[in-house]
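Subject: Structure handover

Hello,

Here is the structure I promised to pass on. My notes follow below it.

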Amino acid sequence: MGVMSRTWTLTKIRLVLAMRNRAFFFFSLVMPLIFLVGAVIFIGNRTQWAGYILGAILTTTVMGSFWGLSVQLVTFREQGILRRFRIAPVGAGPMLASSIISNYFMALPVVALEILVCRFVLHMQNWGNLPAILVLVTIGSATFSSLGLIVASVTNTMQETQMINNLIWMGFIFLGGATIPIGSFPHWLQRISLFIPAQYLATGLQSSATWQATYWEVIEDCIALALGLFLAFEMSRRLFRWEPEAKAPRRAKMWVIAAFVPFLIFGAWENFYGSQLQRVNTNYRVLSRMLPMQTKPTQ
Amino acid sequence: MGEPIIQVENLYKNYGAVEALRGASFSVQEGEVFGLLGPNGAGKTSTIEILEGLRNADRGVARVCGLDPEKSGEKFKEIIGAVLQSTSLPQKLKVREALELFANFYPRRADAGLLRRFQLEEKAEAFYSQLSGGQKQRLALAMALVNDPRVVFLDEPTAGLDPQVRREIYDIIAELRGSRKTVLITTHYIEEAERLCDRVAIIDHGRVIALGTPRELKQGSAGTTRIEVRIARPPANGSMGKLEGVTSCREIEGAWALSSTRPPATIVALVKLLEAENNELQSLEMSSPSLEDVFIELTGRRLRE
């Protein structure tokens, strides 16, 4: 039995368990749909906004994997479920990878539904760059799942997990451009937002959905997210704890910050040399000036 | 005797200032049902969890099938099965799914029919959360056998279960013995050790203080009879221990446990003593020495103190 086979076995059972979980249905299906309904009401007949709104809603959906996985992992550890798996020939890698893959599979139908609603209910004028959207959703889902896993790896109790999750989530949701357009921020806050992982996902998805950005135009977003994914996954694998009483040393919490290093580097680079803020503001102009969707706006 | 399948030599384990193991040593032969008998906190779970690869020893040697549990990884896990003392499964996992899930992790699998063998067929589609304590424990045993392991570790497999379920678990363990599986079982139930184990190591304060077959251990108290006496008032200081034929005397939970080489003479002397002290005999029980007596003799305490 190889690592791949064990990962796939665990992925299948996680999918089955998720389908039986009412909380999963609420947070993964009902909540995004509530956002969608809100968007439908908000947009009314301003169909030019649909692409931008789709980008924001997709970002929120994909980022949701950050919450679910960390809470589930800590619950499993506290209940002694993980130690039963530890007796079996299953390593930390397949345990973590299966969480990420199953989360991705669960997000896909919701993502598809959101795209369909935007296209046919909100009358989005084109499909956006669907392949680019799929790539960003895939990398983004894995990245935010991994960031959730690293929080679970360095926290000892559910309360601690929720506290750290809330702090990080606030930054993601309010500074990342998923709820409040970054283009509406004062300039200094826009510069801070360049350090937020969610910003790369939101900007990439909004660009792909709003003006059909090419792969090349979202490559930086993809690289930033992929580096974050690699670092966060490897750290959470190394810091993985099976036993309820195995406490994370205080210094381990610093690893959460280490997982954000790629975004700090990208943020610093963008602040000095990059064009990310130009893209962010271009996306926002589409929203604020209601530019026609068919034409790529000038910078 | 061949090479032992489980080997423990001079094992030490500390949890901060608490010394859980202080040089425990024993070995188990292939096909043996071996019991670690001792009170709570004696070091049984630490020993078994080191052997399962769940904990690291501070010092000493632990080998299972010649492998170091700490370093042998998947190869080691593929040949063992275990029932852990404190563990759980996802609440919405079905019994059949749990067995299939764990079976899929191993290259070698037990024959189909574990559900039937462990009387779980009717509960195959039930969620883990819907099982009774006994059913959960039967499932844990079935899961420990999905890979047809060479060595099975059972950490207090009947703790907290009612007597009927306990007897069902005993039957299953007896069946394992019949199939020549090597079983290491920890327990603080005397009955379990006497009934199931080929050999028993009595463990206390992190050390093995006696080791042998239940019969051999009881023969350590050979020639003595246990007399347990309850009296209305405490006797005069040391008077019970001076009775004729008495080799040891201890007060345990308000009763006096006497070991006597000449029971009739001891009883006559006891009656005379009580008359002289104007005391009253409330109850008197005589029995052959049990493992509990062996434990009391060695430690001065009952197993579940």
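Start with helix H7 of chain A, residues 130–154. At 1.5 Å a residue, its 25 residues should span 36 Å, and the end C-alpha atoms are 36 Å apart, which agrees. The expected span is 1.5 Å times one less than the number of residues. Of the 25 residues of H7(A), 20 are buried, so the helix is largely enclosed by the rest of the structure. A residue is buried if 20 or more other C-beta atoms lie within 10 Å of its own, exposed if 12 or fewer, and partly exposed in between, with C-beta atoms placed from the backbone.

Some ground rules. This is a predicted model, where local features need pLDDT of at least 70 and side-chain atom pairs count only at pLDDT 80 or more, while totals for chains, interfaces and linings use all residues. Residues are numbered from 1 along each chain as its sequence is written, and chains are lettered from A and ligands numbered from 1 in the order in which they are written.

Confidence. The predictor gives the complex an ipTM of 0.83 and a pTM of 0.82. Chain B averages a pLDDT of 88, and 96% of its residues score at least 70. pLDDT is the predictor's confidence in each residue, from 0 to 100. Where it is low, the predicted coordinates should not be read in detail.

Contact between the chains. Chain B puts in 21 residues and chain A 18. Two residues are in contact if their C-beta atoms, placed from the backbone, lie within 7 Å. On the side of chain B that touches chain A, the elements giving two or more residues are helix H2 (73–77) and helix H3 (95–103). H3(B) gives the most, with 3 residues.

Chain B overall. It has 10 helices and 13 strands. Its C-alpha atoms fill a box of roughly 75 × 45 × 40 Å along the principal axes. Of its 305 residues, 42% count as buried. Among contacts between residues at least 6 apart in sequence, 70% join residues at least 24 apart. The chain is divided into domain 1 (6–215) and domain 2 (223–288). Those bounds come from an automatic or database domain assignment. The two domain centres, taken over C-alpha atoms, are separated by 40 Å.

An open sheet in chain B. Three strands form it in the order E2-E1-E4, with antiparallel pairing. Strands pair if DSSP finds at least two bridges between them. E2 (18–28) and E4 (59–64) of chain B stand at the edges with a single partner strand each, so one side of each is left without a neighbour in the sheet. The twist averages 25° from one strand to the next. Axes are lines fitted to C-alpha atoms, for helices over the stretch in contact, and angles run from 0 to 180 degrees between N-to-C directions. E1(B), residues 6–15, pairs with E2(B) over 8 bridges. There, B:Gln7 stands opposite B:Ser27. Helix H1 (44–51) of chain B packs on the sheet and touches E1, E2 and E4 of chain B. Its direction makes about 120° with that of E1(B).

Strand E3 of chain B, residues 33–37. What covers its two faces? Both are made of buried residues: B:Val33, B:Gly35 and B:Leu37 on one side, B:Phe34 and B:Leu36 on the other. E3(B) runs parallel to strand E7 (182–187) of chain B, joined by 5 bridges. B:Leu37 has B:Thr187 as its bridge partner in E7(B). E3(B) also runs parallel to strand E8 (199–204) of chain B, joined by 4 bridges. Most residues other than glycine have a negative phi. B:Asp148 has a positive phi of about 50°. It lies in the loop between H5 and strand E6 (151–155) of chain B, and is partly exposed, with 14 other C-beta atoms within 10 Å. B:Glu156 has a positive phi of about 45°. Its place is in the loop between E6 and helix H6 (163–178) of chain B. B:Glu156 counts as buried, with 22 C-beta neighbours inside 10 Å.

Last, B:Gly134. It is found in helix H5 (133–144) of chain B. With 18 C-beta neighbours inside 10 Å, B:Gly134 counts as partly exposed. Leaving out residues up to four places away in sequence, it touches B:Leu161, B:Val165 and B:Glu168.

Best wishes
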